[in-house]
Amino acid sequence: MQDVQELSPTAATGLRERKRIETHARIQAEAMRLFLAGGFDTTTLDDIAAAAGVSRRTLFHYFSSKEEIVFAAKADFPNMIVQAINRRPADEPLLTMVEMALTDMAAGHETPEAKAFARLIRDTPSLNAGDQAKYEKVERLVAATLAARKGLADDDLDCRITAAAAVGILKLSTEAWLADDGARPETFGRAAFAALRRVAADRRDD
């Protein structure tokens, strides 16, 4: 009688999936550690593979480039905004809904590690370009989420305008946070939304 029984197909599949997830996370964690310690451009894929204890070939099974490793770490960002909006009361005004959603989301992501990561992206041209490109997708997603929350058409103009303003404020808030070690993104965000309301309420002719 064998001391160790063979794994069932289901168990074997589950084991392989857990190993895949663990390897993916380890590569990503080691890559980010190296990027933050030595810089993005000077860190090579061979450095990452060695630190993660995998071959270069194995690394390419998970990531095709260094840029992909970085942006994979931010893959949940759009979904986080959707979840934050969906947690807001459906009867809130649009600006209040998106302002409070972004404020709630920012409050849980102000760690030193998050700031170091954001600065790495800002200060690396190849990463910064890709990061800026994501905002167009986020803007469309915010508009669609607001419309769904309000039961409006997907292309509702009020939702699109609100989303565009919110994403602009999100970018400005991030810039302010990175420029000042004592700054808090939600503090700048509240001030920016207040300024937007003042401008919207100003009906004077030029």
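**Entry 1: the whole chain**

I began with contacts (heavy atoms within 4.5 Å): residues 24 or more positions apart account for 67% of the contacts in the protein with a separation of 6 or more. The model is a predicted one, where local features need pLDDT of at least 70 and side-chain atom pairs count only at pLDDT 80 or more, while totals for chains, interfaces and linings use all residues. Residues are numbered from 1 along each chain as its sequence is written, and side-chain values use heavy atoms, with hydrogens and water left out.

I looked up the secondary structure and found ten helices and zero strands, where helices (H or I, at least four residues) and strands (E, at least two) are DSSP runs numbered from the N terminus. Along the sequence the pattern reads α-α-α-α-α-α-α-α-α-α. Of the 206 residues in the protein, 34% are buried; buried means under 20% relative accessible area, exposed over 50%, and partly exposed in between, with a 1.4 Å probe and protein chains only.

**Entry 2: α6 against α9**

I then took helix α6 (residues 94-107) and helix α9 (residues 157-179), whose axes come within 10 Å and cross at roughly 35°. Axes here are lines fitted to C-alpha atoms, for helices over the stretch in contact, with angles from 0 to 180 degrees between N-to-C directions. I noted L94, L95, V98 and L102 on the α6 side of the contact, and D158, C159, T162 and A166 on the α9 side. By class the contact has six nonpolar, one polar and one charged residues, with Ala, Val, Leu, Ile, Met, Phe, Trp, Tyr, Cys and Pro as nonpolar, Asp, Glu, Lys and Arg as charged, and the others, Gly among them, as polar.

**Entry 3: C159**

I followed C159, which is in helix α9 and is buried at 0% relative accessibility. Leaving aside neighbours within four places in sequence, I find C159 in contact with L94, A143, L146, A147 and L152.

**Entry 4: rings**

I searched the whole structure for aromatic pairs and got one. Rings of Phe, Tyr and Trp (its six-membered ring) pair if their centres lie within 6.5 Å; planes under 30 degrees apart are stacked, over 60 edge-to-face, the rest tilted. The pair is F35 and F40, tilted, at 4.8 Å centre to centre and 50° between the planes. F35 is buried at 1% relative accessible area, and F40 is buried at 3%.
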